[in-house]
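Colleague: I'm new to this structure and would like to learn how to read it. Could you put it up and take me through some features?

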Amino acid sequence: MANTPEDLSYTKDHEWVRLKGQDATVGITDHAQNQLGDVVYVEIPKVGDKFETSEPFGSVESVKAVSEIYMPLAGAVTAVNEALNDSPELVNNDPYGGGWMIVIKPDNPAQIDGLLTAAEYDDYIKEEASE
Amino acid sequence: MRYIPNSPDERRSMLADLGCQDIEEIFAQVPAALRLTGPIGIGAALSETEIISYFRRLAAGNSVDYQSFLGAGAYSHFIPVVIDSLISRSEFFTAYTPYQPEVSQGTLQYIFEFQTMICQLTGMEVANASQYDGSTALAEAVLMAARVTRRDKFVISDAIHPQYREVVTAMTRYAGFTLDLARHSEAGTLDADSIKIDKETAAVVVQSPNFFGCIEDLQALADAAHEAGALLIVAITEPISLGLLKPPGACGADIVVGEGQSFGIPMSYGGPYLGFFSTLEKYVRQMPGRLVGEAYDEKGRRGFVLTLSTREQHIRREKATSNICTNQGLCALMATIYLATMGRRGVREVARQNLQKAHVAAAEISRLKGYGLRFTAPFFNEFVVRTPRPAAEVATRLYARKILGGIALGGYYPALGDSLLVCVTETATKQAIDDLVTALSEL
Amino acid sequence: MSDRIKKTSRHPVQNESLLFERSRPGRVGYSLPSLDVASRSEEELVERRLLRDDDLDGMPELSEVDVIRHFTRLSTWNYGVDTGMYPLGSCTMKHNPRLNERVARIEGFANLHPLTPAAFAQGALEVIDRLEKCLTAITGLPAVTLQPAAGAQGELTGIMMIRAALIDRGNPRKRVLIPDSAHGTNPASAAICGYTVETVPSNADGVTDLDSLRRMMDEDVAALMLTNPNTLGKFEQNIEEICRLVHERGGFVYMDGANMNALVGVASPGAFGIDVMHMNLHKTFSTPHGGGGPGAGPVAVTRELEPYLPFPRVERAADGALALDFDRPKSVGRVRAYLGNFGVLVRALCYILAHGDEGLREATETAVLNANYIAHHLKDTYDTPYPGRVMHEVVFSDKRQTPHGVRNADIAKRLIDYGFYPPTMSFPLIVQGALMVEPTESECREELDLFIAAMKSIDEEAATEPELLKHAPHTTKVGRLDEVAAARKPVLRWRPADEDKKRAESA
């Protein structure tokens with residue numbers, strides 16, 4: 001059973017968001033990394049890049065698959081996790097910690113209320129699995 | 001048919017297993033109206049003897065006994081006999097793309113060796129497992145530069161092989177790129193004043209030695225490109241030149257591609273050849289084509305695998321870095337065996353002989369009345385001769401003496417109607433060079 | 001190994017290091033005539049700064065014996081069609097006749113320069129002209145180009161031609177429709193031509209879902225790219241209706257002819273109503289795959305599309321001589337330097353002539369019979385998601401083995417121990433855990449029976465000894481390699497040990 005921390009917000013594209021003041025940290029969920037298998041490469045944007053909601057901002061690769069990662073909230077990238085360049089396995093080993101991908105400054109932080117709660121996300125992945 | 005093992009009885013019994021009386025039943029899926037009722041029209045099968053004599057007769061219609069000074073992207077070089085012997089090992093030539101590494105280590109290891117030697121020769125950091133040929137490798141380089149820089153303007157030298165330019169034009173036709181032609185100077189190399197680089201330029205694209213055989217100043221071109229944030233793409237049609245010339249990687253090139261036919265591959269009327277493709281490590285994820293990398297098994301034994309495959313069409317589909325699938329694996333093997341056999345000294349020696357012989361021929365021809373060298377820039381094994389009458393006519397007159405004396409440039413460059421592109425490799429003996437000089441003097 | 005495995009036994013395999021590791025200073029493997037002209041100083045001929053100064057450091061130095069041993073040892077680590085059955089679906093790994101090799105090496109072909117004037121290359125142009133005619137007869141389409149160097153390049157050429165024709169009609173359109181069972185090259189080729197790709201679902205029978213196609217087909221669709229038979233081994237029975245639907249809305253039908261080995265002599269695509277198709281000479285027409293090429297991807301088209309074919313075209317002049325025609329104002333241009341992979345074309349023509357009409361048909365019949373024979377004998381052991389008759393290949397899945405924790409890759413790797421090359425697994429994407437098997441006509445009944453027995457035995461092993469499969473193969477020079485580590489820290493070339501160390505330190 002995938003680990004889904006209570007204090008984060010989630011998207012149906014399997015990203016998580018942790019909002020602290022003006023900073024929203026984004027990564028992919030434990031469920032997502034599990035589905036993908038061993039991550040070998042993470043393509044992340046540059047600090048300063050701006051994206052709309054649901055726009056792809058990067059991708060995660062395993063040996064035989066690529067998944068795009070989508071912007072949970074519109075905004076500008078203020079930090080990126082450089083450690084993933086050398087240690088993409090952080091996404092597998094510590095998806096909600098060392099495996100974070102970017103920090104964004106959301107255009108509208110209130111947008112986070114539209115995302116899924118942990119319970120809603122868990123229901124969603126159960127639903128997806130049964131399809 | 002001798003290539004089909006089963007006897008008629010075996011076939012019947014297999015059909016019976018499937019509950020079929022007649023082979024037609026097995027094609028039940030194909031609507032009857034779409035099935036052929038008669039023969040295709042190829043005719044009856046020919047025996048082995050008949051086929052060999054048919055192809056011998058056709059081959060006799062090709063003049064390979066002429067002394068040839070043709071180059072322009074395909075070169076006559078000495079080919080060590082071990083190449084054909086080794087590539088005829090059917091474990092090499094009847095194998096597929098090495099997707100299953102445990103039973104493909106032979107292919108994977110030689111590709112790794114090929115990648116390494118291309119890097120050593122070009123001075124680049126990574127090379128792929130091959131492209132179709134030099135022309136398509138160049139087109140892929142242009143597409144890659146657009147991905148790397150996110151720009152879409154290119155400055156392309158007019159001294160790039162004209163057919164290569166045609167391929168780049170065709171393959172990028174629907175990409176919406178702007179291709180600006182930069183002109184060659186009176187020296188035969190790129191005219192610095194005709195190169196217009198700006199902040200939208202993705203890359204400067206040159207060939208060296210260029211189509212006229214002249215060696216470009218790659219360092220200066222790289223500096224100019226980099227200043228505007230653009231890349232330098234270098235195409236090489238005569239890779240033997242790398243035995244002698246400063247590698248483009250040491251001059252600041254970002255992508256170096258070319259034709260590997262000179263490395264032990266027969267000219268074979270234009271193919272199959274070998275496109276090579278090399279670049280810097282930082283751009284590896286934007287590269288087209290297959291890559292082989294080192295890997296270890298559970299017991300710690302070294303092996304090789306196809307790697308970074310997520311760039312490719314079978315995984316990333318319409319977002320792949322290229323649509324290439326089948327490449328030129330066996331030709332890469334030929335080049336690998338060539339480079340291994342010639343080795344560090346042989347590659348150097350072949351390059352030296354090409355340089356010396358071409359310069360002797362150029363000097364002697366330019367001493368003839370009415371002839372001269374069209375360009376002044378340093379050259380490797382090809383040079384352009386100014387002819388006293390239209391070069392096409394000169395070439396035609398040489399045919400009567402069983403000499404293919406060069407390529408008349410008027411068809412490619414209207415202003416060069418009096419120019420003949422002559423190539424002299426190590427396969428041209430002193431006698432052959434003398435014969436050419438004598439023939440030209442007597443025309 | 002085990003008594004279950006009848007086809008193979010073990011023998012010692014030589015180890016062999018990299019060329020660079022084997023290199024010893026001073027060894028020489030070549031012989032060249034001495035330079036027979038007066039030599040001058042290199043710096044006199046080319047400025048010093050344009051010359052290399054590394055003396056080709058790192059390039060190998062080996063004797064001829066070293067070279068022969070090296071590559072011979074490497075070759076023994078490979079499995080080829082000559083080794084045994086190579087049931088790689090959609091790759092048509094058939095016998096590569098030696099006669100093809102012999103004729104391609106005839107000096108008049110092998111040593112011919114590509115820019116030899118046409119008058120002195122009549123034999124080569126004759127090969128091109130004759131092969132074009134043969135492929136015209138086989139496809140039922142009136143014109144063929146032999147320029148594309150491989151199937152994917154043929155696809156690209158075909159879609160470029162469609163785009164050019166649509167531009168001439170006034171609108172290039174925006175989308176290309178591709179069934180969900182397609183090869184990955186199809187969407188990649190469409191994308192290079194500036195089209196967005198939309199996926200057409202297959203129906204329960206494994207063929208294009210007509211209702212979906214009807215819904216998706218509109219005036220923005222440039223083309224439908226259809227593989228027929230498709231990668232499930234199914235013939236698109238509604239092909240005429242599909243063509244009609246696409247044509248009604250002004251689109252073109254591109255047929256991927258990768259699976260032409262199911263059709264030659266039995267049905268000709270021109271009659272289906274398609275507009276353009278490519279063939280893979282290295283599949284259907286027996287030219288060797290060469291460990292990943294070279295191939296050739298000729299493209300056949302209708303009269304309407306003929307003006308758009310790449311230039312130059314080989315044409316016969318009034319005097320009977322063959323010449324190159326560059327005056328093709330509507331042509332999409334040149335997709336490759338010179339005239340294509342000529343040496344591959346010679347081999348394919350040789351194959352066609354060796355078969356003749358009857359032989360070509362017999363090859364197709366046998367290929368389809370062999371695939372159905374395997375389908376029939378394995379249907380009770382392996383899940384067949386799209387049951388029933390197939391054409392040249394059959395797709396199984398690992399559904400009945402996954403409960404034991406065994407996946408398609410484990411089955412495939414175990415087949416290696418049994419003496420077979422694994423089937424295709426990476427597609428069709430619509431079959432989870434696919435095992436796509438294409439035996440071709442080159443397999444005799446005993447080899448097919450051995451394959452069937454091996455697959456059944458592996459199924460039993462999956463239930464009783466799943467660990468054996470998960471660590472297979474056990475008999476190869478190397479076991480499963482750590483592809484994850486290879487992709488995380490790619491090592492894509494050899495470097496001298498000291499250079500390697502320096503790089504590690506600076507990083």
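Colleague: Let's start with a pair of helices in chain B. At what angle do the axes of α10(B) and α12(B) cross?

Modeller: Before that, keep in mind that this is a predicted model. The general idea goes like this: two packed helices are described by the angle between their axes and the distance between the axes. In this case the pair is helix α10 of chain B, residues 329–367, and helix α12 of chain B, residues 430–442. Their axes cross at roughly 20° and come within 10 Å.

Colleague: And what does that angle tell me about how α10(B) and α12(B) lie to each other?

Modeller: Angles under 35 degrees count as roughly parallel, and therefore α10(B) and α12(B) are roughly parallel to each other. The crossing of α10(B) and α12(B) is right-handed.

Colleague: Which residues of α10(B) and α12(B) meet?

Modeller: From α10(B) you have B:Lys357, B:Val360, B:Ala361, B:Glu364 and B:Ile365. Facing them from α12(B) are B:Ile433, B:Leu436, B:Val437 and B:Leu440. Sort the residues of this contact by class and you get seven nonpolar, two charged and no polar.

Colleague: Let me try that reading on chain C. How do α12(C) and α13(C) pack?

Modeller: Go for the angle and the distance again. Helix α12 of chain C covers residues 408–417, and helix α13 of chain C covers residues 445–464. The two pack at an angle of about 125°, and their axes are 10 Å apart. That angle is why α12(C) and α13(C) are oblique to each other. Their crossing is right-handed.

Colleague: Which residues make the contact between α12(C) and α13(C)?

Modeller: On the α12(C) side, look for C:Ile411, C:Arg414 and C:Leu415. On the α13(C) side, look for C:Ala454, C:Ile458 and C:Glu461. By class, this contact of α12(C) with α13(C) has four nonpolar residues, two charged and no polar.

Colleague: Now single residues. Is C:Cys243 buried or exposed?

Modeller: For this you count the C-beta atoms around the residue, and 20 or more others within 10 Å make it buried. C:Cys243 has 21 other C-beta atoms within 10 Å, so it is buried. You'll find C:Cys243 in helix α10 of chain C, residues 239–248.

Colleague: What is C:Cys243 in contact with, leaving aside its neighbours within four places in sequence?

Modeller: C:Val253, C:Phe272, C:Gly273 and C:Ile274. Take C:Val253 as an example: it is ten residues from C:Cys243 along the chain, and their C-alpha atoms are separated by 6.3 Å.

Colleague: And how does C:Ser212 come out, buried or partly exposed?

Modeller: Partly exposed, because C:Ser212 has 17 other C-beta atoms within 10 Å. C:Ser212 sits in helix α9 of chain C, residues 210–216. Apart from neighbours within four places in sequence, C:Ser212 is in contact with C:Val200 and C:Pro201.

Colleague: Let's zoom out to whole chains. How many helices and strands does chain A have?

Modeller: Chain A has four helices and nine strands. Reading from the N terminus, they run β-β-β-α-β-β-β-β-β-α-α-β-α. The radius of gyration of chain A is 14 Å, close to the 14 Å that the globule rule gives for 131 residues, so chain A is as compact as a globular protein of that length. Along the principal axes, the C-alpha atoms of chain A fill a box of roughly 35 × 35 × 20 Å. Buried residues make up 39% of the 131 residues in chain A.

Colleague: What are the helix and strand counts for chain B?

Modeller: Chain B comes to twelve helices and 15 strands. Of its 443 residues, 62% are buried. The box for the C-alpha atoms of chain B is roughly 85 × 55 × 50 Å along the principal axes.

Technical notes:
Residues are numbered from 1 along each chain as its sequence is written. Chains are lettered from A and ligands numbered from 1 in the order in which they are written. This is a predicted model: local features need pLDDT of at least 70, side-chain atom pairs count only at pLDDT 80 or more; totals for chains, interfaces and linings use all residues. A residue is buried if 20 or more other C-beta atoms lie within 10 Å of its own, exposed if 12 or fewer, and partly exposed in between; C-beta atoms are placed from the backbone. Two residues are in contact if their C-beta atoms, placed from the backbone, lie within 7 Å. The radius of gyration is taken over C-alpha atoms; the globule rule is 2.2 Å times the number of residues to the power 0.38. Axes are lines fitted to C-alpha atoms, for helices over the stretch in contact, and angles run from 0 to 180 degrees between N-to-C directions. Angles under 35 degrees count as roughly parallel, over 145 as roughly antiparallel, 65 to 115 as roughly perpendicular and the rest as oblique. A crossing is left-handed if the near helix is turned anticlockwise from the far one by less than a right angle, and right-handed if clockwise. Ala, Val, Leu, Ile, Met, Phe, Trp, Tyr, Cys and Pro count as nonpolar, Asp, Glu, Lys and Arg as charged, and the others, Gly among them, as polar.
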